[in-house]
Amino acid sequence: MQTIISAGSPILLSIPEVAWLLGVDQPHVCRLIRVGMLPVVRRRSRVLVPTHVLAHLADDTSEGVSP
């Protein structure tokens with residue numbers, strides 16, 4: 001997986017953005033959130049995923065630990 005977080009990246013990402021970065025569909029991201037594998041931040045009616053979570057997820061998968 002290539003680097004998905006850079007200096008100019010937003011701090012929080014929407015579900016469609018996370019799905020695109022991970023290469024999965026949106027319902028899969030929602031399942032990961034529902035079972036607690038992806039922590040979220042709720043802003044008004046939006047559900048957002050912190051970018052640092054994706055960075056840790058990318059580190060874990062590069063070390064051979066599957067999510």
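**Briefing: helix packing, sheet and core of a predicted chain**

Helices α1 and α2 are roughly perpendicular to each other, a term that covers angles of 65 to 115 degrees, whereas angles under 35 degrees count as roughly parallel, those over 145 as roughly antiparallel and the rest as oblique. The model is predicted, so that local features require pLDDT of at least 70 and side-chain atom pairs count only at pLDDT 80 or more, while totals for chains, interfaces and linings use all residues. Residues are numbered from 1 along each chain as its sequence is written, and side-chain values use heavy atoms, with hydrogens and water left out.

**Overall organisation**

- The chain comprises three helices and three strands, where helices (H or I, at least four residues) and strands (E, at least two) are DSSP runs numbered from the N terminus.
- Read from the N terminus, the elements follow the order β-α-α-β-β-α.
- Of the 67 residues in the chain, 27% count as buried; buried means under 20% relative accessible area, exposed over 50% and partly exposed in between, with a 1.4 Å probe and protein chains only.
- Among the contacts with a separation of 6 or more, 45% come from residues 24 or more positions apart; contact means heavy atoms within 4.5 Å.

**Packing of α1 and α2**

- The two helices α1 and α2 pack at an angle of about 105 degrees, and their axes are 8 Å apart.
- The axes are lines fitted to C-alpha atoms, for helices over the stretch in contact, and angles run from 0 to 180 degrees between N-to-C directions.
- From α1, the contact is made by Ile15, Pro16, Val18 and Ala19, and from α2 by Gln26, Val29, Cys30 and Ile33.
- The residues of this contact of α1 with α2 comprise seven nonpolar, one polar and no charged; Ala, Val, Leu, Ile, Met, Phe, Trp, Tyr, Cys and Pro count as nonpolar, Asp, Glu, Lys and Arg as charged, and the others, Gly among them, as polar.
- Not counting residues up to four places away in sequence, Ile15 touches Gln26, Val29, Cys30, Ile33 and Val47.
- Val24 is placed in the loop between α1 and α2 and, at 29% relative accessibility, counts as partly exposed.
- Apart from residues up to four places away in sequence, Val24 touches Ala19 and Val29.

**The sheet**

- Three strands form an open sheet in the order β1-β3-β2, with antiparallel pairing; two strands pair if DSSP finds at least two bridges between them.
- The edge strands, each pairing on one side only, are β1 (12–14) and β2 (41–43).
- From one strand to the next, the twist averages 45 degrees.
- Strands β1 and β3 run antiparallel and are joined by three bridges; Ser14 stands opposite Leu48 in β3.
- Ser14, in strand β1, is buried at a relative accessible area of 14%.
- With neighbours within four places in sequence left aside, Ser14 is in contact with Arg46, Val47 and Leu48.
- Strand β2 pairs with β3 (residues 46–50) in the antiparallel sense over three bridges.
- In this pairing Val41 stands opposite Leu48, and Arg43 stands opposite Arg46.
- Helix α1 (residues 15–22) lies across β1 and β3 and runs at about 90 degrees to β1.

**The β2–β3 hairpin**

- Strands β2 and β3 form a hairpin with two residues between them.
- Arg44, which lies in the loop between β2 and β3, has a positive phi of about 55 degrees although it is not a glycine.
- Arg44 is exposed, with 88% relative accessible area.

**The nonpolar core**

- The largest nonpolar core has 12 residues in all: Leu13, Ile15, Val18, Ala19, Val29, Leu32, Ile33, Leu38, Val49, Val53, Leu54 and Leu57.
- Such a core is a set of buried Ala, Val, Leu, Ile, Met, Phe, Trp, Tyr and Cys residues joined through side-chain atoms within 4.5 Å.
- Two or more residues of this core are given by each of α1, α2 (26–34) and α3 (51–62).
- Leu38, located in the loop between α2 and β2, counts as buried at 2% relative accessibility.
- Neighbours within four places in sequence aside, Leu38 is in contact with Val18, Val29, Leu32, Ile33, Val49, Val53, Leu54 and Leu57.
- Leu38 and Val49 are 11 residues apart in sequence, and their C-alpha atoms are 7.2 Å apart in space.
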